[in-house]
Amino acid sequence: MSNKKESFFWTSYSDLMTSLFFIMLVLFILVIVLLHKRMEVREQYIDKVEQTVNSVKDLDKDKDYFEYNEVYEKYVLKVDVFFPMRVYDIDALSPECQDSLETAGRKIVDFLDRHRETKYLLIVEGQASMNSEAWSEFNYNLSFQRAQSLMRFWLETKHLNFGDNCEVQIAGSGDGRLNIKSMRHPIEEKNQRFLIHILPKNIFKDDKE
């Protein structure tokens, strides 16, 4: 009788161990499958971020109008702009300069149209050249007004449409006195220019997959 009980115990124990082993095996396989799927989603997300960030470099195709500065990570609008003193209106520029600014605006519109799947923040930054200390505060207002004048030129005069995937902001960095890290040209007179920032907005959203 005792032998039968002992035999029954070991049989039950063996069945229990087999069941536990099977459960652990299923859980192990499930974890491996979930981790693999998660890694695939992660890789796809990283690829998407890299493609979106690199899409901005598409502006390099238009080297006559845009130049990327790797140090400051900004695009410079390669149109020589020389405003008369205290002037910010685009109408004060030469017809040739206005034509170049219009073409540059259309290049940006074409870029945004080619990448409709991504939302961008377009910042047009105006700058001013440094002169006397008394002009420091005025130059910040002047640089903003120049950027504002450029946007009005694009939107109201030339009727450019930057699309639904683009938020537009204007900014003025003045003559750089209040921001030592602002991007400045070594030839002071050439700081009467515009900087273009095109930043992807929706690349860091949580992945819902």
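In which loop is Ser-129 found? Ser-129 is placed in the loop between β3 (120–126) and α3 (136–157), where helices (H or I, at least four residues) and strands (E, at least two) are DSSP runs numbered from the N terminus. The model is predicted, so that local features need pLDDT of at least 70 and side-chain atom pairs count only at pLDDT 80 or more, whereas totals for chains, interfaces and linings use all residues. Residues are numbered from 1 along each chain as its sequence is written, and side-chain values use heavy atoms, with hydrogens and water left out.

The chain contains three helices and five strands, which follow one another along the sequence in the pattern α-β-β-α-β-α-β-β. Its accessible surface amounts to about 14000 Å², with 56% belonging to carbon and sulfur atoms; accessible areas come from the Shrake-Rupley method with a 1.4 Å probe, and for residues only the protein chains shown count as cover. Of the 209 residues, 36% are classed as buried. Buried denotes a relative accessible area under 20%, exposed one over 50%, and partly exposed a value in between (1.4 Å probe, protein chains only). Contact denotes heavy atoms within 4.5 Å. Among contacts between residues at least 6 apart in sequence, 75% join residues at least 24 apart.

Helix α2 (residues 95–114) has 20 residues and extends 29 Å from its first C-alpha to its last, close to the 28 Å expected at 1.5 Å a residue. The expected span is 1.5 Å times one less than the number of residues in the helix. The buried residues of α2 include Cys-97, Leu-101, Ile-108 and Leu-112. In general, an α-helix has 3.6 residues a turn, so residues three or four places apart point the same way. Cys-97 counts as buried because its relative accessible area is 7%. Cys-166 is likewise buried, at 13%. The structure holds zero disulfides, a disulfide being a pair of cysteine sulfur atoms within 2.5 Å.

Strand β2 (residues 74–77) contains Tyr-75 and Val-76. Tyr-75 counts as buried because its relative accessibility is 3%. The C-alpha atoms of Tyr-75 and Phe-194 are separated by 9.3 Å, although these residues lie 119 apart along the chain. Val-76 is also buried, with a relative accessible area of 8%. Leaving aside neighbours within four places in sequence, Val-76 is in contact with Tyr-65, Phe-66, Glu-67, Met-183, Arg-193, Phe-194 and Leu-195. Val-76 and Glu-125, 49 residues apart along the chain, have C-alpha atoms separated by 9.7 Å. Glu-73 belongs to the loop between β1 (66–69) and β2 and is exposed, with a relative accessible area of 59%. The C-alpha atoms of Glu-73 and His-197 are 8.7 Å apart in space, and the two residues are 124 apart in sequence.

The loop between β3 and α3 also holds Met-130. Ser-129 is buried because its relative accessible area is 16%, whereas Met-130, at 39%, counts as partly exposed. Apart from neighbours within four places in sequence, Ser-129 is in contact with Asn-139, Asp-175, Arg-184, Glu-188, Glu-189, Asn-191 and Gln-192. Met-130 and Glu-188 are 58 residues apart in sequence, with 6.6 Å between their C-alpha atoms.

Helix α3 includes Arg-146, which counts as buried at 3% relative accessibility. Beyond neighbours within four places in sequence, Arg-146 is in contact with Phe-83, Pro-84, Val-87, Tyr-88, Gln-127, Ala-128, Gln-192 and Phe-194. In the loop between α3 and β4 (166–172) lies His-159, an exposed residue with a relative accessible area of 63%. The phi of His-159 is near 55°, a positive value in a residue other than glycine. Most residues other than glycine have a negative phi.

Ring interactions were also examined. A search of the whole structure finds three aromatic pairs; rings of Phe, Tyr and Trp (its six-membered ring) pair if their centres lie within 6.5 Å, and planes under 30 degrees apart count as stacked, over 60 as edge-to-face and the rest as tilted. The charged end of Arg-86 sits over the ring of Phe-138, at 5.9 Å from its centre. For this assignment, NZ of Lys or CZ of Arg must be within 6 Å of the ring centre and within 35 degrees of the ring normal.
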